[in-house]
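Load the model in the viewer and keep the selection panel open. The tour below gives selections in order, with what is there at each stop.

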Amino acid sequence: MFSSNFCDRIVLAPLTRSRSYNNVPQPHAVVYYSQRATKGGLLITEATGVSDTAQGYPHTPGIWTKEQVEAWKPIVDAVHKKGGIFFCQIWHVGRVSTYDFQTNGQAPISSTDKGVTPGLDGVDWSPPRRLSKEEIPSIVNDFRLAARNAIEAGFDGVEIHGANGYLIEQFLKDQVNDRTDEYGGSLENRSRFALEIVKAVTNEIGSNKVGIRLSPFTDFMDSIDSNPDGLGLYLANELNKFNIVYLHVIEPRVNGNKEVLEGAEGQLLPMRKAFKKSFIAAGGYDRSKGNRAVAENYADLIAFGRHFLANPDLPKRFELDAVLIKYDRNTFYTPDPVVGYTDYPFLEEA
């Protein structure tokens, strides 16, 4: 599926951009994604909600309604016209939400009734409601339907968002999941929800159209595990059973939206060796580190976020070893359809 050329191994990481008004992708996203598309290059969308309970941030897109599916179609078409490969990242934020984001002002859902620390990341997160065992299949089904909708919209596949402290990770990590039923306790039980979603999605659209993103080593949104190495290795082995096309893992040296941390070099290697298909590493990479990771078989592809945001022609810049434009953190999440979104210059313009 992926080229051996390093520039084709540069992936646009999923980046929340907060410009999908009323949870509907907008025409300006056509420009944004097509700017970053190259022949054979993989782009992953910003996190896209699977249902009306999945929201936790302003202006994030969804893919659970017909209107949303239709709105994604011209965006996907624009990427495909430039030869790009386009996957839709599907998510549910779980407890990382507030009453305001829930349709009837109800409590957000989670694996637990323990909430995110109030004020963390500048938001007073609302206390969640623990999902009953009987409710879990309906959430799994939301992911299945979202995957079907993504294929209808024209995407080449979906990336299941199992990272960054959101709903799937709220089940995976033992410092969040305090359940005593078959979805809590042991590593196998805590992984059950994630693997049920993978099974449902692969059965719906085919394993060759499914990837997943994990972050066992991070503690973003109070989501911590006491044995991240064990969690990551177990999941890598279990995911082999579904023959999904890639595993995308965030480096332990990166934590949420913080700057790159020191240390933890090479910690993904056991997961990389265990997983049999394409392996994507993300977090804290530059051109030289990415080249080295691919050359040393540490990863098959490298995902870039902030650098790709500020340099829409990042593969070309890396190919030429050109100077990179510095990103402006202040405009990451503004709702403006141009500023900090489609106005970063290409190399010939700069």
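A cavity here is a set of points on a 1 Å grid over the protein atoms alone where a 1.4 Å probe fits but cannot get out; its volume is the space filled by probe spheres set on the points, which are joined across faces, edges and corners. This is a predicted model, in which local features need pLDDT of at least 70 and side-chain atom pairs pLDDT 80 or more, while totals for chains, interfaces and linings use all residues. Residues are numbered from 1 along each chain as its sequence is written, and side-chain values use heavy atoms, without hydrogens and water.

Select R19, S20, P25, Q26, H28, A29, E46, W72 and Y341, which line the largest cavity (lining residues have an atom within 4 Å of a point). The volume of this cavity is about 40 Å³. Its lining has four nonpolar, three polar and two charged residues (Ala, Val, Leu, Ile, Met, Phe, Trp, Tyr, Cys and Pro are nonpolar; Asp, Glu, Lys and Arg charged; the others, Gly among them, polar).

Next, select residues 28-35, helix α1, and 66-81, helix α2. Helices are DSSP runs of H or I, at least four residues, numbered from the N terminus. The axes, lines fitted to C-alpha atoms over the stretch in contact, come within 8 Å and cross at roughly 25°, on a scale of 0 to 180 degrees between N-to-C directions. Therefore α1 is roughly parallel to α2 (an angle under 35 degrees). Show A29, V30, Y33 and S34 of α1 with W72, P74, I75, A78 and V79 of α2, which make the contact (heavy atoms within 4.5 Å).

Notes:
Helices (H or I, at least four residues) and strands (E, at least two) are DSSP runs, numbered from the N terminus. Angles under 35 degrees count as roughly parallel, over 145 as roughly antiparallel, 65 to 115 as roughly perpendicular and the rest as oblique. On a 1 Å grid over the protein atoms alone, a cavity is a set of points where a 1.4 Å probe fits but cannot get out, and a pocket is an open set with protein on both sides within 12 Å along at least five of seven lines; lining residues have an atom within 4 Å of a point.
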